[in-house]
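Please look through the sequence and the model shown here before reading on. The report that follows takes up the chains one topic at a time.

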Amino acid sequence: MRLEARHYTFIGLAVTVVAAMLVGFQPDVTPSPDTLRMYEYIDSLPEGSIVMLSFDHEASSLPEIRPLAVALLRHIYSKNLRPVGVALLAEGTGVGYGLMRQVAREYDKKYGEDYVYLGFRPQYIAAILSMGESVPATFPEDYLGRPYTELPMLVGVNTYDDVAGVISVADGSFTNHWIEYGHGRYGVRVSAFVTAAMVTTYDPYLASGQLHAMVGGLRGAAEYEKLIGIGGSGARGMLAQTCSHLYVILLIIIGNVVYFRSRRKGGGV
Amino acid sequence: MKRRVPQLVCGAFGLLLFALYFSSHPGARALNGLILNEYWQIIFGFALLVGVLSFAKVNLKSIERGEDLPYRIVSLLGLLIMPVLAVIWGIKGDSPFMWIFDNVQVPMQSTVFALLAFFVASASYRGFRARSVPAAILLASALLTLLSRSDVGGFLSQHLPDIADWVRNYPSMSARRAILIGIGLGSLTTSLRVIIGIERTWLGGDRA
């Protein structure tokens with residue numbers, strides 16, 4: 001097989017990322033105002049507050065979502081807040097439970113008392129609106145099949161009025177639905193941990209205050225890890241991300257040099 | 001008649017849900033809860049059934065014709081095996097269902113998603129060129145954003161991240177807002193047209 005230009009770009013990217021991961025150097029990141037705002041928001045919640053975490057993502061974005069979710073959960077557990085997990089996408093269900101349980105073990109948290117996972121409910125808009133009417137009616141049982149009424153942590157938690165806020169961990173437009181229906185109809189405070197590709201989508205909502213705070217992408221995860229003082233896969237992946245960004249910039253420059261040289265010669269590319 | 005009845009049902013439910021969304025009357029709230037918790041789930045169940053049957057039909061037809069045999073067989077096996085595992089051992093914690101999800105679906109989807117990076121690299125070399133003034137502006141914005149999101153931006157110039165933030169907070173956000181407002185107005189208009197009965201394409205054409 002004859003290698004073409006695109007094959008060399010593929011090989012170059014693979015070599016760049018693998019080499020960066022092998023080096024093991026973690027560049028220092030400065031937390032952005034957006035990340036700082038989220039950190040201060042979580043930090044300001046009184047001990048014991050109930051926070052609803054919504055795992056609104058697919059399995060494909062897990063390499064970016066996992067560092068974000070783990071950093072968030074570490075902060076939540078270390079502040080003795082009590083998270084209630086839900087999932088609006090079926091694929092996020094098992095992932096959300098696994099992450100909550102994994103980080104809970106680090107902090108010796110007990111299921112049912114310190115954290116609860118309610119699981120997946122189909123029809124995301126209906127689920128968001130329905131929880132505004134009644135959380136126990138929407139989730140009569142938790143993910144493990146225990147009746148809602150038998151979970152000590154959820155005594156007195158009936159609607160969004162009884163939670164400090166909703167944090168959507170998302171890789172797509174699901175945070176939109178939380179903003180439009182959860183915040184718009186029931187006034188619940190919505191924040192988000194999203195993949196980098198979604199950051200500009202939510203910028204207008206953040207600026208208008210409909211979205212309270214937002215942390216975005218692997219860089220956001222690295223910044224959050226720095227703020228909570230516990231390193232993780234966000235910081236570990238930053239060098240690979242930086243190197244791949246530089247590689248793409250280099251390719252853009254080379255591509256344009258080739259283009260302008262060929263144009264000067266009168267040819268087209 | 002065949003079209004008039006669904007149109008009336010659609011209009012009536014559209015108006016009812018519209019009223020329930022804004023009403024704070026206890027009776028309206030209770031009805032809203034009932035519709036959200038029971039009726040929407042029934043509709044979802046039927047929609048899912050249609051999707052599963054359609055998926056099975058398409059794949060079976062392809063198998064009959066001998067097209068893409070290995071892929072079609074794997075697809076159908078997945079469709080059969082996952083529900084069977086879920087029914088027998090459940091979908092929680094350490095069940096076989098979750099094992100397949102964690103060890104097959106997650107790596108496969110992550111791999112496909114990661115391939116995007118290679119396409120971006122290839123596209124950045126072959127397609128991202130300053131062929132015109134608008135293309136050059138787009139290119140400059142992309143370079144600024146890339147530099148600012150890596151750690152190199154601040155190293156090259158202290159103003160670089162600020163300029164990238166300005167691009168994100170003003171031109172980019174203005175465009176995004178315009179799109180959002182456009183989508184909102186479009187959704188509102190379409191919903192009204194469906195409720196009132198002007199828009200009938202969802203019935204399969206304009207032959208009322």
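## Terms and model

The structure is a predicted model, and every value below is computed from it.

## Chain A as a whole

Chain A contains ten helices and six strands, and its C-alpha trace spans about 75 × 40 × 35 Å along the principal axes. Of its 269 residues, 51% count as buried.

## Helix α7 of chain A

Helix α7 of chain A covers residues 174–186, which gives it 13 residues. From its first C-alpha to its last it reaches 17 Å, close to the 18 Å expected at 1.5 Å a residue. Just after this helix, A:G187 adopts a positive phi of about 75 degrees.

Which residues of α7(A) are buried? They are A:F174, A:T175, A:N176, A:H177, A:W178 and A:I179, together with A:Y181, A:G182 and A:H183. The cover over these buried residues includes the strands β1 (50–56), β4 (165–170) and β5 (190–194) of chain A, as well as the helices α5 (124–133) and α8 (199–208) of chain A. As background to such a pattern, an α-helix has 3.6 residues a turn, so residues three or four places apart point the same way.

## Two loop residues with positive phi

A:N80 lies in the loop between α3 (62–78) and β2 (82–87) of chain A, and although A:N80 is not a glycine, its phi is positive at about 60 degrees. Is A:N80 buried or partly exposed? It counts as partly exposed because 14 other C-beta atoms lie within 10 Å, whereas a buried residue would need 20 or more.

A:Q123 is placed in the loop between β3 (116–120) and α5 of chain A. Its phi is near 65 degrees, a positive value in a residue other than glycine. With 18 C-beta neighbours inside 10 Å, A:Q123 is likewise partly exposed, since that class lies between the cut-off of 12 or fewer for exposed residues and that of 20 or more for buried ones.

## Where chain B meets chain A

In the contact between the two chains, 43 residues of chain B touch 45 residues of chain A. On the side of chain B that touches chain A, the elements giving two or more residues are α2 (26–65), α4 (96–126), α5 (133–149) and α7 of chain B. Of these, α4(B) gives the most, with 16 residues. Sorted by class, this side of chain B has 23 nonpolar, eleven polar and nine charged residues.

B:K57 and B:M98 are 41 residues apart along the chain, and their C-alpha atoms are separated by 27 Å.

B:S187 belongs to helix α7 (residues 160–196) of chain B. Why does B:S187 count as exposed? The reason is that B:S187 has 10 C-beta neighbours inside 10 Å. Between B:S187 and B:A130 there are 57 residues of separation in sequence and 36 Å in space, taken from C-alpha to C-alpha.

Key:
Residues numbered from 1 in each chain as written. Chains lettered and ligands numbered in written order. Predicted model: local features only at pLDDT ≥ 70, side-chain atom pairs only at ≥ 80, totals over all residues. Helix = DSSP H or I, 4+ residues; strand = E, 2+ residues; numbered from the N terminus. Expected span 1.5 Å × (residues − 1). Contact = placed C-beta atoms within 7 Å. Nonpolar A, V, L, I, M, F, W, Y, C, P; charged D, E, K, R; others polar.
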